[in-house]
Amino acid sequence: LEARVSGAPEDLACVIELGRALGADGDYERALETLMGAVEQDAAFEDGAARKAILDLFGVIGGGDPLTR
């Protein structure tokens, strides 16, 4: 996925998929950075899919983590 995103960073579906995969692997900081990049490119893509993925990730990380503050 990282290679695909590197080759086509405008492919927001792939960027969001990578962000979710990084989060699933516990790499929360990179996941959030990746998903924020997608929001910056087009916040409305797929009805705000990147923003929704960020909110889902916040729920997984929890309020006690510095990344969610």
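Predicted model: local features only at pLDDT ≥ 70, side-chain atom pairs only at ≥ 80, totals over all residues.
**Stop 1: helix 2**

Select residues 12-24. This is helix 2, a run of 13 residues. From the first C-alpha to the last it reaches 18 Å, close to the 18 Å expected at 1.5 Å a residue. Now colour its buried positions: L12, C14, V15, I16, L18, G19, L22 and G23. What do the buried residues of helix 2 pack against? Bring up helix 1 (2-7), helix 3 (28-41) and helix 4 (49-61), and you have the partners.

Step just past the end of helix 2 and pick G26. Its phi is positive, about 85°.

**Stop 2**

Go back to E10. It sits in the loop between helix 1 and helix 2. Is E10 buried or exposed? Its relative accessibility is 57%, so E10 counts as exposed. E10 and A38 are 28 residues apart in sequence, yet 8.5 Å separates them in space, C-alpha to C-alpha.

**Stop 3: helix 2 against helix 3**

Show helix 2 and helix 3 together. Their axes come within 7 Å and cross at roughly 160°. Helix 2 and helix 3 are therefore roughly antiparallel. The crossing of this pair is left-handed.

Helix 2 brings L12, V15, I16, L18, G19, L22 and G23. Helix 3 meets them with Y28, R30, A31, T34, L35, A38 and Q41.

Zoom in on T34, in helix 3. Its relative accessible area is 17%, under the 20% cut-off, so T34 is buried. Which residues does T34 touch, leaving aside those up to four places away in sequence? They are V15, L18, G19 and L22.

**Stop 4: helix 3 against helix 4**

Helix 3 and helix 4 pack at an angle of about 160°, with axes 9 Å apart. This pair, too, is therefore roughly antiparallel. The crossing of helix 3 and helix 4 is left-handed.

Select the contact residues. From helix 3, take Y28, A31, L32, L35, M36, A38 and V39. From helix 4, take A50, R51, A53, I54, L57, F58, V60 and I61.

**Stop 5: helix 4 on its own**

At 1.5 Å a residue its 13 residues should span 18 Å, and the end C-alpha atoms are 18 Å apart, which agrees. Colour the buried set: A49, A50, A53, I54, L57 and I61. They cover an arc of only 140° around the axis, which puts them on the same side of helix 4. An α-helix has 3.6 residues a turn, so residues three or four places apart point the same way. Bring back the neighbours: the buried residues of helix 4 pack against helix 2 and helix 3.

Now pick L55, also in helix 4. L55 has a relative accessible area of 46%, so it is partly exposed. L55 and R4 are 24 Å apart in space and 51 residues apart in sequence.

Finish just after helix 4, at G62. There phi is positive, about 95°.

Definitions and conventions. Residues numbered from 1 in each chain as written. Heavy atoms only, no water. Helix = DSSP H or I, 4+ residues; strand = E, 2+ residues; numbered from the N terminus. Expected span 1.5 Å × (residues − 1). Buried < 20%, exposed > 50% of the residue type's maximum accessible area, 1.4 Å probe, protein only. Contact = heavy atoms within 4.5 Å. Arc of directions from axis to C-beta. Axes fitted to C-alpha atoms, helices over the stretch in contact; angles between N-to-C directions. Parallel < 35°, antiparallel > 145°, perpendicular 65-115°, else oblique. Left-handed = near helix turned anticlockwise from the far one by under 90°.
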